[in-house]
Amino acid sequence: MNLDAHQHTLSDYREFPVPAHLADYFLCFWNQVIVGSQEYAHRVLPDACVDMVFINDDPPFVVGPWTESFIARLAVGTRIVGARLHPGCAASLLGVPAAELLNRSALLSDVWGQNRARFGPVLDIARSASRRSLLGETLVGAASLAVQPDQVVSASIRWLALHPHGRIEQLSQCIGMSHRQLQRRFSAAVGYGPKTFQSVLRFQRLLNVATGERAQQSFADLAAVAGYADQAHMTREVRRFANCTPTTLLQSAECTLRMSDLFKTNDPIPR
């Protein structure tokens with residue numbers, strides 16, 4: 001999730017590393033507190049992740065992978081605790097294909113209720129997990145019941161991270177799988193196909209480089225570093241995912257994959 005921070009009402013948003021025994025599934029924990037005197041407009045941007053979200057004492061819910069931005073309006077005093085899953089890991093932990101959560105949110109009870117025999121005990125905890133102390137117990141229980149993430153998709157994600165200009169046909173050849181099969185497995189694990197994932201990852205890479213050491217570079221330079229063909233390509237993609245111009249976006253938005261290794265991995269090319 002991404003935030004706008006230019007309003008009188010402020011959002012105190014912080015990310016935290018997850019314990020080692022949850023790191024295979026979760027990218028980070030985060031919390032957010034809204035302080036001030038008026039409603040806060042929270043800009044949510046595509047990041048290829050699925051989040052488990054606990055707001056105040058409300059029932060927990062799941063925010064699926066989005067391919068467009070939207071605004072969540074939060075009242076003053078709202079307290080949120082979240083757990084962000086690695087791209088490609090939601091289906092193995094939630095028990096449903098990620099495509100079923102594409103561009104939507106759902107109560108955690110509705111998601112896990114589809115697999116009651118498997119998640120029943122954890123679901124009982126999650127129903128009262130608005131008590132923040134139970135969040136960890138809920139996640140540990142879910143991880144213990146999770147199946148292994150799709151290793152083909154995981155390897156493909158690393159390949160796309162290493163090859164921002166790579167073509168999906170090259171990826172298919174590299175892993176020895178047809179484009180149709182790869183599309184199907186990506187949709188189940190990530191929520192959409194590898195081409196869309198590549199675009200979302202490039203968009204998040206732009207947010208990452210724009211707030212780092214290269215923050216003062218020109219848009220043309222930022223576009224090149226992020227992996228766009230040119231500045232015009234970057235502008236089109238920013239409008240697609242954020243519904244605004246790069247000037248507006250980069251004033252406030254931040255990368256939500258900063259705690260991943262997708263922008264800094266030196267792993268060998270997966271075969």
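**Core.** I started with the largest nonpolar core, which has 51 residues. F186, V190, F197, F203 and L249 have the most contacts inside it. For the record, a nonpolar core here is a set of buried Ala, Val, Leu, Ile, Met, Phe, Trp, Tyr and Cys residues joined through side-chain atoms within 4.5 Å. Buried means under 20% relative accessible area, exposed means over 50%, and partly exposed is in between, with a 1.4 Å probe and protein chains only.

Next I looked up which elements give two or more residues to this core: β2 (26-35), β4, α5 (151-162), α6 (168-175), α7 (179-189), α8 (194-210), α9 (219-226) and α10 (231-242). The largest share, 8 residues, comes from α8. Helices (H or I, at least four residues) and strands (E, at least two) are DSSP runs, numbered from the N terminus. Apart from this core lies another one of 30 residues, with V62, W112, V122 and A142 among them. I also jotted down the general rule that nonpolar side chains tend to be buried together in soluble globular proteins.

I then picked F197 and listed what it touches: A48, P87, I157, L160, F186, V190 and Y192, leaving out residues up to four places away in sequence. A contact means heavy atoms within 4.5 Å.

**Ground rules.** This is a predicted model, so I note that local features need pLDDT of at least 70 and side-chain atom pairs count only at pLDDT 80 or more, while totals for chains, interfaces and linings use all residues. Residues are numbered from 1 along each chain as its sequence is written, and side-chain values use heavy atoms, with hydrogens and water left out.

**Whole chain.** I counted 11 helices and 8 strands. Of the 271 residues in the chain, 51% are buried. Among contacts with a separation of 6 or more, 70% are between residues 24 or more positions apart.

How many cavities of 30 Å³ or more does a search of the whole structure find? It turns up 2. My working terms, on a 1 Å grid over the protein atoms alone: a cavity is a set of points where a 1.4 Å probe fits but cannot get out, a pocket is an open set with protein on both sides within 12 Å along at least five of seven lines, and lining residues have an atom within 4 Å of a point. Grid points are joined across faces, edges and corners, and a volume is the space filled by probe spheres set on the points.

The largest cavity comes to about 80 Å³. Its lining has 11 residues, and V44, L45, D47, C49 and G64 lie nearest the centre. By class I get 8 nonpolar, 1 polar and 2 charged. The classes: Ala, Val, Leu, Ile, Met, Phe, Trp, Tyr, Cys and Pro are nonpolar, Asp, Glu, Lys and Arg are charged, and the others, Gly among them, are polar.

The second largest cavity is about 40 Å³. Its lining includes A48, C49, H86, P87 and V190, and by class the lining is 9 nonpolar, 2 polar and no charged.

On to the largest pocket, at about 280 Å³. It is lined by 12 residues, and H86, S154, R158, D261 and L262 are the closest to its centre. The lining splits into 4 nonpolar, 4 polar and 4 charged.

**D51.** Beyond four places in sequence, D51 touches W30, F61, V62, V63, A83 and R84.

**Positive phi.** A48 sits in the loop between β3 (40-44) and β4, and its phi is near 70 degrees, positive though A48 is no glycine. At 5% relative accessibility, A48 is buried. N56, in the loop between β4 and β5 (61-63), also isn't a glycine and has a positive phi of about 45 degrees. N56 is partly exposed, at 35%.

**G191.** Last entry: G191 lies in the loop between α7 and α8 and is buried at 4% relative accessibility. Its C-alpha is 7.3 Å from that of P97, 94 residues apart along the chain.
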